[in-house]
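Dear colleague,

My notes on it follow.

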Amino acid sequence: MQENREHWGNKLGFILAAAGSAVGLGNIWKFPYITGQNGGAAFIIIYLICILVVGLPVLIAEILLGRHSQRSPVSTFRLYAQKHKTLWIAVGWMFFATGLIILAYYNVVAGWSLGYILESLTGKIASLTSASDAAEHFRGLITTPAWILFWQFVFVSAGGLIVYFGVKNGIERIARLLMPLFFIILLFLVVWGISLEGSDKGLRFLLKPDWSTVNFKTVLIALGHAFFTLSVGMGVLLTYGSYLNKHDNIFFSGVMITLLDTVIALLAGLAIFTSVFAMGFDPAEGPGLVFHVLPAVFSSMPQGGLFSLLFFSLLSIAALTSTISILEMLVSTLMDETKFSRHHIVIGISLVIFLLGVPAALSFGEWSHITVLKLNMFDIMDYVSANILLPLGGLLVALFVGWYMTKKGVLNELFQGYGTDLSKQRAGSIWYFLVKFVAPVLIFLVFLSAIGVLR
Ligand code: PHE
């Protein structure tokens, strides 16, 4: 297994692929709408703290675990768990299940984005001049089963096809070319949003915290999103880390990935909320937010159709590089654990993911009446995976690296490719302390409060 394992082409390859995994719908679609639903600035502050003291340390721990083992999650736990082996192997399979659930509903939203490329090409988006027109149009589309299932299918197939033929060369190259372009368009949207009349209300929403709306559930959502947006807590970065060479710098890569991901989420928030307030939308709109607001923004600017086309193309690509990373984790787990070939696994898994996504896809129309605790199927899959399974996965990674492996072994792995001068040793100790004590305690407290034990 280990001898013929593939490795990244060059130093940047891993950072780009991992950043490609991190930057996705979570940054541009989800971050703005949950910020809107949870009160703006105060939520962002809590989110940033979660990223810094929990997300980043666990992200580094996960990459480290993968590079150390050079294996997929289940095999990694089997290799290193001296005590409670069966339990840890089950954790590996929990990562697998989390991947299936996230991928299933993620593809649905990615499908919307893909469908909006065609809507841009036909000139439809540019013709949606008012906010309510755009919202109406979106609602019409996502309640049409044929539209939604078709695009979901196309997207699942696209991801499957790339992983079928091998990810690295294609995806590394695409990411390198398109991420900068994505960044430029995002910056343009930020400037455009700020220049709109009434955008100051949006800035206030993003910058002036109102703590009165914050409760433990807000913290749980912020923590869950910190994991989601960094792709942490389900073995995806562990898998990507397993393709790393020993001379690569895990610490630096982890910081870069986190920084890129955070900056892109904040810029997306800036672009969207200046426009939301300038155009009189409700910031607490929910999952449709980006799909209502941006079309209205695009139609108000010259060459709006072109921008719309570029934006949704790039959003789809950002989503694609994220889905590929999840698919790669699923595929590599089955490749390590079964005798099936990559090709057969990809076809089988893609089919399962499409079918699992159908209830999520139909949640806004045909099956909207199927709810549990007022949540439809889509919301349930999102809530359970992002707010429960990912933080739980992160907690377990932190416990494994902090308590099940030796400190010496862990720090040796960290310092390989990083160096051991004094400042680095200090950074290493702080990181180890965060992983061993701070992250587990915080995640645990947030869980207790979410289930009502703490108030
Ligand atoms: N990080 C991705 C995003 O923000 C989603 C993702 C979650 C990808 C978990 C992989 C693993 O869109």
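Predicted model: local features only at pLDDT ≥ 70, side-chain atom pairs only at ≥ 80, totals over all residues.

Ala 42 belongs to helix H3, which covers residues 41-69. Its relative accessibility is 0%, so Ala 42 counts as buried, the cut-off being under 20%. When neighbours within four places in sequence are set aside, the contacts of Ala 42 are with Pro 209, Asp 210, Trp 211 and Val 214. As a further distance, 22 Å separates the C-alpha atom of Ala 42 from that of Gly 288, and these two residues are 246 residues apart along the chain.

Next, the packing of helices. Two packed helices are described by the angle between their axes and the distance between the axes. For helix H2 (residues 25-37) and H3, the axes come within 8 Å and the crossing angle is roughly 125°. H2 is therefore oblique to H3, and the crossing is right-handed. On the H2 side the residues that meet H3 are Phe 31, Ile 34 and Thr 35, while H3 contributes Phe 43, Ile 44 and Tyr 47. Of the residues in this contact, five are nonpolar, one is polar and none is charged.

Helix H4, residues 73-80, is largely enclosed by the rest of the structure, because six of its eight residues are buried. The buried residues in H4 are Pro 73, Val 74, Ser 75, Thr 76, Phe 77 and Tyr 80. What do the buried residues of H4 pack against? Their partners are H3, helix H5 (85-121), helix H11 (236-241), helix H14 (304-337) and helix H16 (377-404).

Thr 258 is located in helix H12, residues 250-278. With a relative accessibility of 6%, Thr 258 is counted as buried. Not counting residues up to four places away in sequence, Thr 258 touches Ile 51, Leu 56, Leu 59 and Leu 230.

On aromatic residues, the count comes to 37 aromatic pairs. One of these is formed by Phe 298 and Phe 312, in an edge-to-face arrangement with 6.3 Å centre to centre and 75° between the planes. Phe 298 lies in helix H13 (residues 289-299) and Phe 312 in H14, so this pair ties together parts that are 14 residues apart in sequence. Phe 298 and Phe 312 are both buried.

Finally, two backbone positions deserve a note. Most residues other than glycine have a negative phi. His 84 is not a glycine, yet its phi is positive, at about 50°. This residue sits in the loop between H4 and H5. Is His 84 buried or partly exposed? The relative accessible area of His 84 is 47%, so it is partly exposed.

Ser 231, also not a glycine, has a positive phi of about 65°. The loop that holds Ser 231 runs between helix H10 (216-230) and H11. Ser 231 counts as buried, because its relative accessibility is 11%.

Yours sincerely

Notes:
Residues numbered from 1 in each chain as written. Heavy atoms only, no water. Helix = DSSP H or I, 4+ residues; strand = E, 2+ residues; numbered from the N terminus. Buried < 20%, exposed > 50% of the residue type's maximum accessible area, 1.4 Å probe, protein only. Contact = heavy atoms within 4.5 Å. Axes fitted to C-alpha atoms, helices over the stretch in contact; angles between N-to-C directions. Parallel < 35°, antiparallel > 145°, perpendicular 65-115°, else oblique. Left-handed = near helix turned anticlockwise from the far one by under 90°. Nonpolar A, V, L, I, M, F, W, Y, C, P; charged D, E, K, R; others polar. Phe/Tyr/Trp six-rings, centres within 6.5 Å; stacked < 30°, edge-to-face > 60°.
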